[in-house]
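Here are my notes on this model, as numbered points. Please read them with the structure open beside you.

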Amino acid sequence: MHNEQVVGLTDSEIQEYWQDGFLVFNDIISQEEVEELRQACEKPQILALRSQQDYETKTVHALGITSLHPIFLKLAKHPAIVEKIKPLLGPDIQLQHSKLATKPPSRGVGVFPWHQDYAFYPHTNTDLLSVMIMLDDATPENGCMSMTKGSHKLGILNHEVNGRFVAACQESKYWTNPAYEVVDITPRAGGISIHHALTLHGSEANLSGKPRRGIVFSYRSDDAQQLADNTFDDTGLLICGSNHGVVRCDVGLVKLPNRGGDTPFGSIWNQIGSFAAVENKK
């Protein structure tokens, strides 16, 4: 960890976050920490989360990594990160999920479609954000994230095709129309980006021939209750403060992501007894 005093956000940075929907900082963790994290990403239990074919052909999200290696758990609670999100989420914060996001080193692959995180895992309120800690410099050449300024103010956009949820927003005007400002997010290795769960973002293919790796922690206020998607091993991990057993509901009507199957809204939604589930199919 850096020896410098850990600092939170200035008033202007807080204002920028609520205006644009994202923030970028360099030099949040040391290069020694970056190298330790790179080595941990090559441990067998982490590599087991992806196939070699996936690694070579698409962006892979290896989920639940804080439960698989202590260095990722330590990073999720890193004071330099936590002090920057407390002004945005409050003093009581949980982890919603963790993942290693890896762009394949194969040239020209690894596009990840434009989307809003909240569309995947809606909650009773929108006090959710994601922090991406870069293990490699993020550049347009290696498929850095791009974000639409102010898009978190648009509400939940359409992520459905023929009534089924897809991992892609269907309203392309928000990143193709010049009326909306799209920004490349380019923290260096050891830097971070922070973005609101409703901020529209995506990433292009990796053209560099080298891997582009980042660790993502999605955090939520303690009073945000998940409505759909899945429960991972580290979902609900207390990062700081306390769990007060209070749920704040202020989003109104929510369209849940329907993926089909027996539990179309994910394991978090499956609040149905085993007997009732069988009877309901009759």
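1. Start with helix H2, residues 31-40. Its buried residues are Glu 33, Val 34, Leu 37 and Ala 40. Buried means under 20% relative accessible area, exposed means over 50%, and partly exposed lies in between (1.4 Å probe, protein chains only). Helices (H or I, at least four residues) and strands (E, at least two) are DSSP runs, numbered from the N terminus.

2. A word on the source. This is a predicted model: local features need pLDDT of at least 70, side-chain atom pairs count only at pLDDT 80 or more, and totals for chains, interfaces and linings use all residues. Residues are numbered from 1 along each chain as its sequence is written, and side-chain values use heavy atoms, with hydrogens and water left out.

3. The buried residues of H2 pack against helix H3 (44-47), helix H5 (70-76), strand S5 (128-134) and strand S12 (212-221). Contact here means heavy atoms within 4.5 Å. Glu 35 also belongs to H2. Glu 35 is partly exposed, at 35% relative accessible area.

4. Helix H1, residues 11-20, buries Glu 13, Tyr 17 and Asp 20. Seen down the axis, these fall within an arc of 95°, so they line one face of H1. The face of H1 turned away from the buried side carries exposed Asp 11 and Gln 15. The buried residues of H1 pack against strand S1 (22-25), helix H6 (79-89), S5, strand S6 (145-148) and strand S10 (192-196). Just after H1, Gly 21 has a positive phi of about 95°.

5. Which rings pair up? The structure holds five aromatic pairs. Tyr 17 and Trp 18 form one that is edge-to-face, 4.9 Å centre to centre with 80° between the planes. Rings of Phe, Tyr and Trp (its six-membered ring) pair if their centres lie within 6.5 Å; planes under 30 degrees apart count as stacked, over 60 as edge-to-face and the rest as tilted. Tyr 17 is buried, at 1% relative accessible area. Trp 18 is partly exposed, at 36%.

6. Trp 114 and Trp 175 are stacked, because their ring centres are 5.1 Å apart and their planes are at 0°. This pair links distant parts of the chain: Trp 114 is in strand S4 (residues 112-115) and Trp 175 is in helix H8 (residues 173-176), 61 residues apart. Trp 114 is buried at 11% relative accessibility, whereas Trp 175 is partly exposed at 21%.

7. The charged end of Lys 84 sits over the ring of Phe 25, 4.4 Å from its centre. The rule is that NZ of Lys or CZ of Arg is within 6 Å of the ring centre and within 35 degrees of the ring normal.

How values were computed: The arc is that of the directions from the helix axis to the C-beta atoms.
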